[in-house]
Amino acid sequence: MLSRDRIRRIAPYALLGAGAGYLFHIATQIEYQQRVGTLGPDFWPKALLLQLIALCAYQAIRIALARQPEADVAGVLEELVEESEQKHGVTAPVAPEIDRPLALLAGIALTALYVWVITTLGFFSATVAYLAAFIALGGYRRWGVIAAVSIVGTLLLFFFFVKIVYVSLPIGEGVFAQVTLALMQLMGIR
């Protein structure tokens, strides 16, 4: 029989897994006309939900079968880092806690602004600006790196969403639409 502590620790995974199961059931009812050689709109939601269900089941079983329920099981990567630190006599520096409520509010405002302008600027232009501003807001000041990360990161996201996942992203209006359409043509996206 499971103790109250184990049940309390398993409950969030059980609830999340049950919710994912319900959403998976809904995703199986998506109706569409299958096109040869393409994934349907139900593929990615179902794939992600199955992974979430499997993860929740794994965590629940791990907690239920743990020999020492009061001791939290560390992840494999965490154990490797700790073993390496002990072996080499290195201790990781403790990062100072940063209390930046204004930066947090600015990040929230920046995200809200991004959502507001994405239909006008289009995914590509809005995301490049958003990523650059968010990185700068975080305190990073190497502008060449910020520009490269913003542009390359957005290009990768754009290609992934449009070419692989088949998500229709906003192209923007006016000159921004022309930029997005030219970019799609360069990337071989129809």
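Select L104 to begin: L104 is exposed, because its relative accessible area is 57% (exposed means over 50%, buried under 20%, partly exposed in between, with a 1.4 Å probe and protein chains only). The model is predicted, so local features need pLDDT of at least 70 and side-chain atom pairs count only at pLDDT 80 or more, while totals for chains, interfaces and linings use all residues. Residues are numbered from 1 along each chain as its sequence is written, and side-chain values use heavy atoms, with hydrogens and water left out.

Next, colour helix α4, residues 101-137, where L104 lies (helices are DSSP runs of H or I with at least four residues, numbered from the N terminus).

Move to S150 in helix α5, residues 143-164. S150 counts as buried because its relative accessibility is 0%. Show V128, L131, A132 and I135, which S150 touches when residues up to four places away in sequence are not counted (contact means heavy atoms within 4.5 Å).

Then select Y114, F123, F158 and V162, which touch the most other members of the largest nonpolar core, a set of 14 residues. Two or more core residues come from each of α4, α5 and α6 (175-186), and α4 gives the largest share, eight residues. A nonpolar core joins buried Ala, Val, Leu, Ile, Met, Phe, Trp, Tyr and Cys residues through side-chain atoms within 4.5 Å.

Finish at F158, whose contacts beyond four places in sequence include F123, L169 and L183.
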